[in-house]
Structures are given as C-alpha cells and as structure tokens.
Amino acid sequence: MISANNVTLRFGKKALFEDVNIKFTEGNCYGIIGANGAGKSTFLKILNGQLEPTGGEIAITPGQRLSFLQQDHFKYDEYPVLDTVIMGNKRLYDIKNEKDAIYMKEDFSDEDGIRASELEAEFAEMDGWNAESDAATLLNGLGIPTEEHYTIMKDLPGAIKVKVLLAQALFGNPDILLLDEPTNNLDLDAIGWLEEFLINFDNTVIVVSHDRYFLNKVCTHIADIDYGKIQLYAGNYDFWYESSQLLIKQMKEANKKKEEKIKELQDFISRFSANASKSKQATSRKRALEKIELDEIKPSSRKYPYIDFRPEREIGNEVLEVNGISKTIDGEKILDNISFIVGHDDKIAFVGGNERAKTILFKILAGEMEPDEGTFKWGVTTSQSYFPKDNTKIFDNDLAIADWLTQFSEIKDATYVRGFLGRMLFPGDAGIKKMKVLSGGEKVRVLLSRMMIENANVLIFDEPTDHLDMESITSLNNGMIKFPGVILFASRDHQVVQTTANRIIEILPEGTIVDKVTTYDEYLESDEMARKRQVYQVSEEE
C-alpha cells in the first residue's frame, strides 16, 4: 500500500495541493485524472520520491518495491535493451552484476565463495534465473522483436525506447506501479497488450492517462484532481463521469430546495415579525433560517474547447481513388501497390503498427510527397484539410497565432479570428502569442483551428490526439463524430477510432493493406485479427 498523508505542495504562494489524504491499496488500479495543469504528473513525482512535498508525507508498506515509468528517454543510452529492462528491479540487477564480477576474478578467495553463495541464494529467491526470459516476454508483448533485445538503447528510435522503458517499469512484478501516460507513442496493438497486462496485475497500479478507453478498461478507481484536492471514486472513467455529474446535479437540486425554504422562511418573518401573536413563530423561523447553508458548488477547472468542423460545400459521390501507390524510402518498401476507393460517407481509420506507412500515405494524399508508382485522384467537389503528425516546420516562424490563422480565413476580420481562437481556449491577448513558443497541446489546438476555419469537406488527421488533454480529446472526438464529410485518420486513441470510423484500413508491415467496412471493435474480433493473434501467441510460446 502507498498513501499520501496531509500532503501539501506549494510553489511560492500558490498551493498546487492542499492537505491531500488518499490511500492506494493492493489489487486496485487507480486512474489519476484532472485538467491540464492540475498536477497529475507532479503528484506521481511526489509518490515516487522525485519531488518532496512542502508538507505531509508519503508512506509505503515496509518491504514493498515501487516501480515507475522513466520519463528520461536518454538515461540508459549506453545499455543494451535487455539490461535496461532488468534494471527495473535494481536489487536484482545489482546482485547479477556483483556475482558476475566475483566469478570473473582470477584470485577467487574463500570470502568470495561465501559472498557468491549468499548472492546466488538471493538471486534464486528473486527468480533471477528467469530474468532475461521474463524481460524478453515483456518486450515481445510490446512489439519489440527478439533481434532488437541486445541493441544498445541509443541506437533505437524514440518510439521503441518508450516501449523499452515501459517494459522496465513492468519488470519483476513490482508491489506498486506508477505509470505516467504509458500509452503515449504506443500503437493500438501494444496498448491492447498493456491493457491485458494491467487487468491481470495483482498489485497496486496508479496511472495517469488521457486515453478514456484505456482508463475504462483497466481502472478500478478514479482519483480526480480538482482545485488542489483529490476525490476518490470507485469504478472506471465512465462511472466517475456519471457519478460526478450526478453529484453536481444532486447538490444543485438540494440547493434549489434550500433556496425555496429560505424564501418561505424570509416571507414568513417579513410578514409576522411585528405581529405579537406570531412573534415566537417568527423568532423560531429566524433560528431555522440561520441554520440553512447552501452547498458550495465550485465550477470544475476543466475547460473544453469548441471543436466543430463545418464543410463549406457538400461532398459529391466521387471522393478519392487510389491506384497502385508504392513508395520506397532509404531502400525500405513503405507502401506496396496500395489501391482503394473512398466513398462520400466514409470515415476511415488507418490502423496497425506500421506508423511510418500511415504518415507517408497521408503526406502523399495531401500533396506533400510524390509516390514512386501509382496515382490518386480527388473528386472535383472535394476540398482537403490536413493535420500532420510532425508540425515542427509549421511553427518555426515569428508570427502571432491570430496573424498566422488569418491567412487561412476567408473573413480577414481580426475580431472574427480572435473570437474563433477564444473558443479554442486562446482568450483575449493569447492570440498575440508567437507560434514558436507554443506548447504541444497549444500547437494541436491551433492546427485544429486552421482545419475548422478552412471549411474543407475532407479531413486528414495523422495522430491528432498526441499532446491533447482529455477534455480536448473529448471535444475533438465529438467534432469528428458530428462532421458530415469524409475523414481519413490515424489515432492511438481506441475510443476515437471506435466511435468515429465506419471503415478500417490496416497497413501491414510489408506495406500492403487489409480493407474492411466495419467498426474497430468488430475488426479486432474478425477472423483475420484472430488468426494473427494466434500466430503471435504461438511464436511467443516458442
């Protein structure tokens, strides 16, 4: 068990947390939620000892081991992948290194023999002989093939490093597991594997995530951070939402009844306080009035942007025809003879672990890259708006947000653009902020603003939920569902894919595709996916 006892954290005069008391017990998975800046990641740092609270303390059951997902992606650059994972259990890794060093000595003394014997006993007790195979199982589960298990960390791409660090956190059955945004940069297959791992994990899990589907799948409790307090709810994310809304509704209804009672008492007192025969009753009602207190209902600190895509022109029957597109980059076949036709009612999710292929395909369709072979043709009634995965070049300028966005608006009026930005959580003078200084989430909201102001009838999204908080993801999800045009998109957010897409195209590792008119959940249960999972399970057993 791990608990926070009267924990307070102050930055100057501002209190981020005030007298927080909460217990996290064995066998439960706790989802930490809250608005951007509420302190979710900061609270995890307090729990794992990276940050000292201003007041209060963190208590852990004696003898229990705590593990957390490292955020420093360069910390283990000089180590092989397998060693990096095993370092998740520091004591086990240290024992392994110490006994190996003893056995390498040329002059092996009696003392060395005694020490080696002690280490061997502890190593066996910690199941050290299975450490490498356990680490390999975690890596394979996250989609890292066996041939990369001995690669030096610095030679891996960033997305693979994230998976290795996640495997490190999971390694060795820790008693307390802290995960800060563990689904970031994971493909949907890896997220699914992680969900099953955590569902079957018997110890304590505390996780920060913006993925609603993930929280619904794994959490037994939700800890909501709002206004420096943490309120614990039993159940998953949807249950928290329903419970919190019901609580607010009940408080409002209770206040309404109290207000009616207050008015009734005030009217009586006003009418009869000067009446001698009623003075005792008036006095009694005054005392009753003084005892009535309205419940304080604080507005949530959460803020939802207004995301609404409205096409200027209705789309025709001919939308997009892709014929035999192939693309090779640096000798690697990324896309191999891909063909498909898009209809006017399609909202297509491009899925699968081949993320580079999805990005290349979207760049080709958006006109930012040429295919090596094949053609594509947009219908004459279509207009396209593209959300790129990498927006670095877009924001490398000295323009203010409002000035940059005005370029894409038919209405050049500054008030109109500023009003537009206000709905996207850039109020007042925020519109004069420079493009190059924006945070990741702000950049995404600016790009979504451009897509709304362009009024296109075809939207292309390449991982639009990256860097967004849960409130912005919810608003984007609702905007995608309501959009009356065509959407081509890739997203790691299961709920966005499931609720938006009516067609699934999976780009396979070899660059070919599987194309199905279905929802995502139905696709996952299809014969093809079942066959692939069976093949994967067999290879893992081997």
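Buried means under 20% relative accessible area, exposed means over 50%, and partly exposed lies in between (1.4 Å probe, protein chains only). Keep that in mind for helix H11 (residues 355–365), where the buried residues are Glu-355, Ala-357, Lys-358, Thr-359, Ile-360, Leu-361, Phe-362, Ile-364 and Leu-365. That makes 9 of its 11 residues buried, so H11 is mostly covered. Just after H11 comes Gly-367, which takes a positive phi of about 85°.

You're looking at a predicted model: local features need pLDDT of at least 70, side-chain atom pairs count only at pLDDT 80 or more, and totals for chains, interfaces and linings use all residues. Residues are numbered from 1 along each chain as its sequence is written, and side-chain values use heavy atoms, with hydrogens and water left out.

## The whole chain

The chain has 18 helices and 18 strands. Those are DSSP runs numbered from the N terminus: helices are H or I with at least four residues, strands are E with at least two. Along its principal axes, the C-alpha trace spans about 105 × 80 × 50 Å. Of the 542 residues, 48% count as buried. Contact here means heavy atoms within 4.5 Å. Take the contacts between residues at least 6 apart in sequence: 67% of them join residues at least 24 apart.

## A strand on the inside

How many residues of strand S12 (residues 347–351) are buried? The count is 5 of the 5, so S12 is largely enclosed by the rest of the structure. Lys-347, Ala-349 and Val-351 point one way, Ile-348 and Phe-350 point the other way, and all are buried.

Strands of a sheet pair through backbone hydrogen bonds, either parallel or antiparallel. In this model, two strands pair if DSSP finds at least two bridges between them. S12 pairs with strand S16 (residues 486–490) in the parallel sense over 3 bridges, and Lys-347 has Ile-487 as its bridge partner there. S12 also pairs in the parallel sense with strand S17 (residues 503–507), over 4 bridges. In S17, Ile-505 is the bridge partner of Phe-350.

Another part of the chain has 6 strands in an open sheet, in the order S5-S6-S7-S3-S8-S9, with mixed pairing. Strand S5 (66–68) and strand S9 (229–234) stand at the edges with a single partner strand each, so one side of each has no neighbour in the sheet. Ignoring direction, neighbouring strands are turned by 20° against each other on average. Strand S8 (residues 221–226) pairs with S9 in the antiparallel sense over 6 bridges, and Ile-225 stands opposite Ile-230 in S9.

Helix H6 (residues 158–170) packs on this sheet, where it touches S5 and strand S6 (176–180), and its direction makes about 160° with that of S6. Helix H9 (residues 237–272) packs on the sheet too, touching strand S3 (29–34), S8 and S9, and its direction makes about 115° with that of S9.

## Two helix pairs

Two packed helices are described by the angle between their axes and the distance between the axes. Axes are lines fitted to C-alpha atoms, for helices over the stretch in contact, and angles run from 0 to 180 degrees between N-to-C directions.

| Helix pair | Angle | Axis distance |
|---|---|---|
| H3 (residues 90–103) and H4 (residues 110–125) | about 150° | 10 Å |
| H13 (residues 414–423) and H14 (residues 440–454) | roughly 125° | within 10 Å |

Angles under 35 degrees count as roughly parallel, over 145 as roughly antiparallel, 65 to 115 as roughly perpendicular and the rest as oblique. So H3 is roughly antiparallel to H4, while H13 and H14 are oblique to each other.

A crossing is left-handed if the near helix is turned anticlockwise from the far one by less than a right angle, and right-handed if clockwise. H3 and H4 cross in the left-handed sense, whereas the crossing of H13 and H14 is right-handed.

In the second pair, Tyr-416, Phe-420 and Leu-421 of H13 meet Ser-449, Met-452 and Ile-453 of H14. That contact divides into 5 nonpolar, 1 polar and no charged residues.

Lys-99 sits in H3. Is Lys-99 buried or exposed? Lys-99 is buried, with a relative accessible area of 5%. Leaving aside neighbours within four places in sequence, Lys-99 is in contact with Leu-119, Glu-120, Phe-123 and Trp-129.

How values were computed:
Ala, Val, Leu, Ile, Met, Phe, Trp, Tyr, Cys and Pro count as nonpolar, Asp, Glu, Lys and Arg as charged, and the others, Gly among them, as polar.
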